[in-house]
Amino acid sequence: CLIVLLFFVNTVIITWYMDNNGMLHSIKGRLELLKRHVPWVQQVRDTVTLSPNNLDSGADSPDRPNVVSGRDEIRRRHAFLRETSSKRSREAAEAARTKYNYVWTELTGSTSFVQLSAPEDGISRWAELHDGEFAFYFEQRHLIRKHNERAVELHDKNREITVLLLERQSMFRHDADSDYSVLYTGYFSVFGGVLADPSGSRSSLKPPPPFVLGKPQDQTMVVMLAAYRDPLCGNTLFELFENAEFPARVSAVVVQQIDPADTDCIDDYCAIAAENNRQCYRDQIKVDTVPIDFARGVMPARYRQNLLLEDQEFCVQVDSHSAFETHWDTIALEDWLTIENEMAVITAYPNMVKDRHDQRHTPSRCSTKWSTDLEVVHGGNSALNARPGPTPFLIPFFGAGTSFSKCHANFNVPYDPYMSHLFGGEEFNRAVRLFTSGYDMYAPKRNFVYHYYDADKKPARGQAPRHREFFHFSGDQRLVLGSQTTARWR
């Protein structure tokens, strides 16, 4: 009887979940609903208004307004990050390698540039092939081979487009007065009749270089905060604007989960700014206020951050009880650029506020351990300080306390809104999904964000105790809900 009872309880826990009204629903039904909305999850709206009753960030709403795609240009230029080469593409790429003396192959194999003929009257003809089909034709202007660097310049007279084929990427421009833009990432699979090993060429390729338009000081940044009844939220906003070298380029999105008796994060920020005779940048902040009874944990809150994003270039995720280094925006951008990787994510558990301005050591997440308290994985004791090198270095883990990357990382890899009340596995979930989508994580070279830990002295307006209950449910409800999330995470 005990075995039968345990089997029944396990079946209920694994296959059902409880909503905020105390009603049990089938997890299978919830997952089917999620699958139907996956295309929308990857297309982020420019604005959003959510009601407390819309607990899944609008995923169940039948009257959703039109959505806008979040970084189609980046996806086009770096399509290889999410696309798997089709059999036809691979066959076409292999056929081109055996037929032509000069072949430049895009990394998925779907697109190739091939030399059709040897130079005649000083002109050689090239073609751009899509899955083996001729798409566009070019005249060769220059072919350069110097040491290990090779390059070919092509020109399409009909479209007035110039294409550069380089060792790691191809670029294009429409006229001689415009700048080159990245077209594809790829390599020379055949050069002068010499075949390159495609597996070796792929493995030796460097990541796509940073794609940055305009001057560094013109790069827009958005700081994302998910706050749960946090008395330091307003101070965090004050710090990020006050310590930015170019505050006009910085914006913020805040998802605040508060009780009616709590202080509003934005009102508190503007009060701090007034006390210090500083400007309140209220117009550069978007807020989503979630009543405390409808808060569902950190991952749904961070997902709602994404819904407030617009077309900013860089996204900065920090905790709502953080402090910032002087000129933090310039420091983070400069260090990110030194990585020379469009897909770089600088991330860490920040150092304590009491160590502010100390740049002798920076934190790195290089270790973890299994949990003994029924969590799937355990993230504690995994941030160690290291002496910074010339550039940020690769690490295997994500730290939710700080991350700095291009915003296409948030559009391509949004947070999972259905991981309700998952805390211990948030960062591992994020790290795995970022890495398998083509992103690399790096430890910071310099400290640009600090964290108010319990041992840090708090500012005057942050003396109230932090709330860490996260949700108010009975023991039975918490058991069912927690088991549902943990089972899905596993």
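Student: What should I know about the model before we start?
Tutor: It is a predicted model, in which local features need pLDDT of at least 70, side-chain atom pairs count only at pLDDT 80 or more, and totals for chains, interfaces and linings use all residues. Residues are numbered from 1 along each chain as its sequence is written, and side-chain values use heavy atoms, with hydrogens and water left out.

Student: How many disulfides does the count come to?
Tutor: The count is 3 disulfides, where a disulfide is a pair of cysteine sulfur atoms within 2.5 Å. With bonded cysteines counted along the chain, the pattern is 1-2, 3-4, 5-6.

Student: How far apart are the sulfur atoms of Cys233 and Cys265?
Tutor: They lie 2.0 Å apart, and the link is left-handed, with -80° about the S-S bond. Cys233 lies in helix H7 and Cys265 in helix H8, so the pair ties together parts that are 32 residues apart in sequence. Helices (H or I, at least four residues) and strands (E, at least two) are DSSP runs, numbered from the N terminus.

Student: And which parts does the disulfide of Cys315 and Cys407 tie together?
Tutor: The sulfur atoms of Cys315 and Cys407 are 2.1 Å apart, and this link is right-handed, with 105° about the S-S bond. Cys315 lies in strand E15 and Cys407 in the loop between E21 and H11, so the pair ties together parts that are 92 residues apart in sequence.

Student: Back to H7: why is it described as largely enclosed?
Tutor: Because 9 of the 10 residues of H7 (residues 233–242) are buried, the helix is largely enclosed by the rest of the structure. Buried means under 20% relative accessible area, exposed over 50%, and partly exposed in between (1.4 Å probe, protein chains only). Among the buried residues are Asn235, Phe238 and Glu239. Cys233 counts as buried at 1% relative accessibility.

Student: What covers those buried residues of H7?
Tutor: The cover includes strands E12 (221–228) and E13 (250–258), helix H8 (265–275) and helix H10 (328–339). Contact here means heavy atoms within 4.5 Å.

Student: Changing topic, which strand forms a hairpin with E3?
Tutor: E3 and E4 form the hairpin, with 4 residues between them, and Gly109 in the turn has a positive phi of about 85°. The two strands pair in the antiparallel sense over 3 bridges; two strands pair if DSSP finds at least two bridges between them. Trp104 has Phe113 in E4 as its bridge partner.

Student: Which way do the side chains of E3 point?
Tutor: Val103 and Thr105 point one way from E3 (residues 103–106), Trp104 and Glu106 point the other way, and all are buried. E3 is also joined to strand E10 (residues 181–191) by 4 bridges, running antiparallel, and Val190 in E10 is the bridge partner of Val103.

Student: Which residues line the largest one?
Tutor: The lining includes Met224, Cys315, Phe398, Tyr415 and Arg430. Strand E15 (314–318), strand E21 (402–406), helix H11 (408–412) and helix H12 (426–435) each supply at least two lining residues.

Notes. 1 Å grid on protein atoms, 1.4 Å probe; cavity = no way out; pocket = protein on both sides within 12 Å on 5 of 7 lines; lining within 4 Å.
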